[in-house]
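Here are some notes to read alongside the model, written for someone meeting it for the first time. Keep the viewer open and take the points one by one.

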Amino acid sequence: MAQPDHPDPASDPSLLGHPHIRVDGLDKVRGGALYASDRRFPNRAHAALVTSAIPRGRVSGIATEAATALSGVLGIFTHRDFAGAIQPVKHLMAGGYANSSHLPLGSDRIAHAGQIVALVVAETVETAQAAAARVEVRYEPEAYAATLDAPGAEPVRLADLKEKHRDPRRGDADAALFAAPHRVSALYRTPVQHHNPMELFTTTCLWEGERLTVHEPTRYVGALQHGLAEQLGLDARNVRVVSGPIGGHFGAKLALSQHTALVALAARRLGRPVSLVPTRRQCFTIANYRPETRHEIHLGADRAGRFTALVHEADMAASRFDPFAMEGTDVTASLYACPAIRTEERAVRLDRNTPGPMRAPPEVPYLFALESAVDEMAGLLGLDPIELRRRNDTDTDPVSGKPFTTRPLLRCFEAGAEAFDWGRRRAGPERDGPWRVGLGCASAVRPVKISPAAMRVAIAPDGAVAVETAHHEIGNGVTTLLAMGAADWLGVPVASVTVRLGDTDLPPAGLSGGSSTTTSLMNALDQACRGLRERLAAAAAAEGGVLAGCDPAGVRLAGGALSAPDGRAVALGRAVAGVNPAGIETVAEFLPDGVGPESLAAVKAGHIALSAGGAALSWAFGAQFAEVRVHEETGEIRVARLTGAFAAGRVLNPLTARSQLTGGMIWGLGSALLEETVVDRGTYPNADLSEYLVATAADAPP
């Protein structure tokens, strides 16, 4: 695949916009990166979970004698120990902090299979796991509903379940559909899918008096801090959460987890640090997942191929106890020009653990359904699928009437089609011996989000720069971006910049989600660096300053020196020492356009404060192309080629951006062809990486 064009470093001396290797890359490949469960603490004990074998009912008895007989077992905790010790907390997306509002070990009730029913703590990991296997739990099962069509499943309109939800509608879609000369009606389904990051959902808790420190991979340290404080009746200032590099989350590791309070209580009762590394199988039920969805699409078009009606009705699985459901018709209703639109989304409450976002949350299942229907319409009309999308392109949202800030979707299709050689596509599949070969395309879109964020930047007298914020390094390269930005804007080498992330002792930032990290943090960093430059320039130009008498507006910071318009220059460290011998620092609090200080206050309190603009829609666009081969005798599917063309805005580091885009394409391949969590009798029988299939390097085409 051709490399993207980059600015010429000779004509553009900045770092941003040019490829740069990850500043944390060597630590990762050498094993020097410390993940949460890598951290060692004196006298640390180890925990293991016992989880429910039934999807609904109650615990009628727990026998622990065989487990406690093992040497090294320190304690076995059940609802009899912790009932009432943990206070309820709402779901993060319902104004609370948790990935599930279900109370861990709050009672003898079983709400879903894989629910935590006991926590075992022992001197070693092996003893804890062996003891957990010996705990005998007796149940009184009850009737359950675990799939969309099961008896007892409870469909609820999202408009009735979520106060702010609105089903996008325009005109009379049913009448327009009836009158349309061309119609496509189809039912599409997507399965349950789990994130399966390499790093499991681990926790280590330790107490120092009344102060609790939690080491846990999370994509929102602030929500974990405030939620855990609320659960345990603590002052949030007495809870510190540290999340070092995260070994993948893809939407999981969302805020406050089910198991954290249990480990914290066990650590307090035992008077020593306690660490939990759950099994892969347990991670399927103690965390979130992408729920199964069902989409009924009705699409009408006139004889010229212009859409006249769109109906999109969707059902998605939800738990009994949380109002969370991933909604997506706001995207499908606004993607193409259409004068008559009706949507309705329903959550189906089931006896399962609460689902959650999975990259990218609504776009994957919802756009899969819409784009499939658009392709069906192209076949019905005898039109090239790209031409059909061209005829229905729009510069404004057909529902709200708002304009798009930019709309480069067709430019993505044009660039992708040329690179993919789309012109050789035929109306039907080609043949290559026993293989049928098809070429397909689809739109890729994502509404752009942004969040308030705070950032501390300090310059030491030796010219070293420190960048600190409570956001997270999830593996996408934000540490490198922040180092590049600080180096650019403060005129120092990247090697002189140290970046600290993922600690509630640092200035607060929002969650890692909504594809908002780079936009939010780089704006905060720019604001902080600009403040430091202005402060240094003013001090240097003042009477008695190191560049006294010059115009501070003309002072430049580059190459490790402060330079005046008249050619005088002074080393950065000397300029800093002239202001403060101990160094200088600033804390910038960035607010996106159109939001007030209450948004930053929300972030400081551990809540979500993502915004998506006001007067116009700000979306990112792309076009995906695939060459797929299907064996006509065996049905085997092989993806021979994938091509993507993306309008991603300003690319700050082409190296990491390219990894994000190709990684997303491989993720999409896995989602389409490999990944499926089976639901059988209310349980997930393939909850491991031998039967839950994820795309590997061998599966990834050129």
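1. How accessible is valine 630: buried, partly exposed or exposed? Before the answer, please keep in mind that this is a predicted model. Valine 630 has a relative accessibility of 33%, so it counts as partly exposed. You will find valine 630 in strand β26, which covers residues 619-631. Together with Ile637 and Leu673, Val630 makes up a nonpolar patch on the surface, and the three share about 230 Å² of accessible area.

2. Next, have a look at strand β16 (341-350). Of its 10 residues, 9 are buried, so β16 is largely enclosed by the rest of the structure. Several strands pair with β16. Strand β15 (residues 307-319) runs parallel to β16, with 10 bridges between them; here glutamate 313 sits opposite glutamate 344 of β16.

3. Strand β7 (residues 154-157) pairs with β16 in the antiparallel sense through 4 bridges, and proline 155 faces valine 348 of β16. Strand β8 (residues 169-170) is also antiparallel to β16, joined by 2 bridges. In that pairing arginine 170 has isoleucine 341 of β16 as its bridge partner.

4. Now for charged pairs. Side chains of opposite charge can pair when their charged atoms come close. The count of salt bridges comes to 51. One of them joins the side chains of arginine 56 and aspartate 351, at 3.6 Å from N to O. This pair links distant parts of the chain, 295 residues apart: arginine 56 is in the loop between β1 (45-51) and β2 (57-63), and aspartate 351 is in the loop between β16 and α11 (363-381). Aspartate 351 is buried, at 3% relative accessible area, whereas arginine 56 is partly exposed at 29%.

5. Another salt bridge brings together the side chains of arginine 58 and glutamate 140, with 3.1 Å from N to O. Arginine 58 belongs to strand β2 and glutamate 140 to strand β6 (residues 136-141), so the pair ties together parts 82 residues apart in sequence. Arginine 58 is partly exposed at 26% relative accessibility, and glutamate 140 is partly exposed at 39%.

6. A further salt bridge connects glutamate 430 with arginine 424, at 2.9 Å from N to O. What sets the labels of these two residues is the 20% cut-off, under which a residue counts as buried. Glutamate 430, at 16%, is therefore buried, while arginine 424, at 30%, is partly exposed.

7. Finally, look at what lies around α17. Aspartate 593 is in the loop between β25 and α17, and at 78% relative accessibility it counts as exposed. Aspartate 593 and serine 611 are 18 residues apart in sequence, with 9.4 Å between their C-alpha atoms. After α17 comes glycine 606, which has a positive phi, near 85°.

Methods
Residues numbered from 1 in each chain as written. Predicted model: local features only at pLDDT ≥ 70, side-chain atom pairs only at ≥ 80, totals over all residues. Heavy atoms only, no water. Salt bridge = Lys/Arg side-chain N within 4 Å of Asp/Glu carboxyl O. Buried < 20%, exposed > 50% of the residue type's maximum accessible area, 1.4 Å probe, protein only. Patch = residues over 30% accessible without salt bridge, like charges linked within 9 Å, V, L, I, M, F, W, Y side chains within 5 Å. Areas by Shrake-Rupley, 256 points an atom, 1.4 Å probe, with all protein chains shown as cover. Pairing = 2+ DSSP bridges.
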